Amino acid sequence: MNNRLKVLRAERNWSQADLAQRLDVSRQSVNAIETGKYDPSLPLAFRIARLFDLSIEQIFSDAPA
Amino acid sequence: MASSLSSNAHLRLLMIGLGGAGVAIGLAIILLTWGTGWGWAGAALMSFSPMIAARIASRTVDGAEMRPALRRYGNRLAAIMVVYFLVLMGAVSLYGQGLTAGPLGYVVALTPAAPLVGVFIIMGRLLREETDEFLRDVTRTAFVWSGALTLCEATVWGFLETFGKVPHVWMWAVPVAFFAQLGLTGPLAARKYQ
């Protein structure tokens, strides 16, 4: 699954650790999601979407990269 | 940044190496000093060196996090392993003095098993208490891989033993192998996401 997490994070000048702290997850977790190696659960996807004030579809996409 | 990553990778490798060396040296001590009191030192080295190396790595590698659930897991594991060694030394000492005959012998024999069973409970609590779903997934994968590997080894060894090709191994070695192999399957499970 593709996502815009890295771009959204960069727009806010947040490090992976900053984002991890805001989501209450590990930095490894943020890195794995950003690189598309781990797909978050629906509850975590909702938390991410709320943090950026966007819908899940505006962050995650199942279309080929 | 690149040099920081490189030094982190080197430090991680160093800690894995030290943990592995502790296990290897401990095993060598057990095998070379079989039947003497030094076996305890080997067993302690085998059990504690991976834990100590992992703890040092988590505190010294930049960006490495010690999540609360993992910290509690480490503390509980260290405490129960100390209990295990004390209980085991006591039980073996009683056995050596011939004081384990009769029903009391069952109690003495089962006492060292309790802390090892406790380790599985501690592992279950880690999975329950870890709130990071990604780390939970990696940990669960490591547990499953180590379990599968241990069962495969036990199956192969069992048949070899049945056909008289290898010496008898006590069953308590099975969970010990499972725990030891977590040192291998943990990094492998995490590697999938790097």
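Which residues does A:Ile33 touch, not counting residues up to four places away in sequence? A:Ile33 touches A:Asn3, A:Leu5, A:Tyr38 and A:Pro40. Two residues are in contact if their C-beta atoms, placed from the backbone, lie within 7 Å.

The model is predicted: local features need pLDDT of at least 70, side-chain atom pairs count only at pLDDT 80 or more, and totals for chains, interfaces and linings use all residues. Residues are numbered from 1 along each chain as its sequence is written, and chains are lettered from A and ligands numbered from 1 in the order in which they are written.

Chain B has seven helices and zero strands. Helices (H or I, at least four residues) and strands (E, at least two) are DSSP runs, numbered from the N terminus. Along the principal axes, the C-alpha atoms of chain B fill a box of roughly 65 × 35 × 30 Å. Of its 194 residues, 14% count as buried. A residue is buried if 20 or more other C-beta atoms lie within 10 Å of its own, exposed if 12 or fewer, and partly exposed in between. Contacts in chain B between residues at least 6 apart in sequence were also examined; 65% of them join residues at least 24 apart.

The two chains meet. Eleven residues of chain A and nine residues of chain B take part in the contact. The chain B side has three nonpolar, two polar and four charged residues. Here Ala, Val, Leu, Ile, Met, Phe, Trp, Tyr, Cys and Pro count as nonpolar, Asp, Glu, Lys and Arg as charged, and the others, Gly among them, as polar.

The largest nonpolar core has 17 residues. Such a core is a set of buried Ala, Val, Leu, Ile, Met, Phe, Trp, Tyr and Cys residues joined through C-beta atoms within 7 Å. Those with the most contacts inside it are A:Ile33, B:Phe134, B:Val138 and B:Ala142. Two or more residues come from each of α3 (27-34) of chain A and α6 (133-162) and α7 (173-191) of chain B. Helix α6(B) gives the most, with five residues.

The buried residues of α6(B) include B:Phe134, B:Leu135, B:Val138 and B:Thr139. Their cover includes α3 of chain A together with α5 and α7 of chain B. The 30 residues of α6(B) should span 44 Å at 1.5 Å a residue, and the end C-alpha atoms are 43 Å apart, which agrees. The expected span is 1.5 Å times one less than the number of residues. B:Gly164 follows α6(B) and has a positive phi, near 70 degrees.

Helices α3 (residues 68-96) and α5 (residues 113-129) of chain B pack at about 175 degrees, with their axes 10 Å apart. They are therefore roughly antiparallel (over 145 degrees). Axes are lines fitted to C-alpha atoms, for helices over the stretch in contact, and angles run from 0 to 180 degrees between N-to-C directions. The contact has twelve nonpolar, one polar and three charged residues.

Most residues other than glycine have a negative phi. A:Asn13 has a positive phi of about 60 degrees. A:Asn13 is found in the loop between α1 (5-11) and α2 (16-23) of chain A. With 7 C-beta neighbours inside 10 Å, A:Asn13 counts as exposed. A:Asp24 has a positive phi near 55 degrees. The loop between α2 and α3 of chain A holds A:Asp24.

Definitions and conventions
Parallel < 35°, antiparallel > 145°, perpendicular 65-115°, else oblique.
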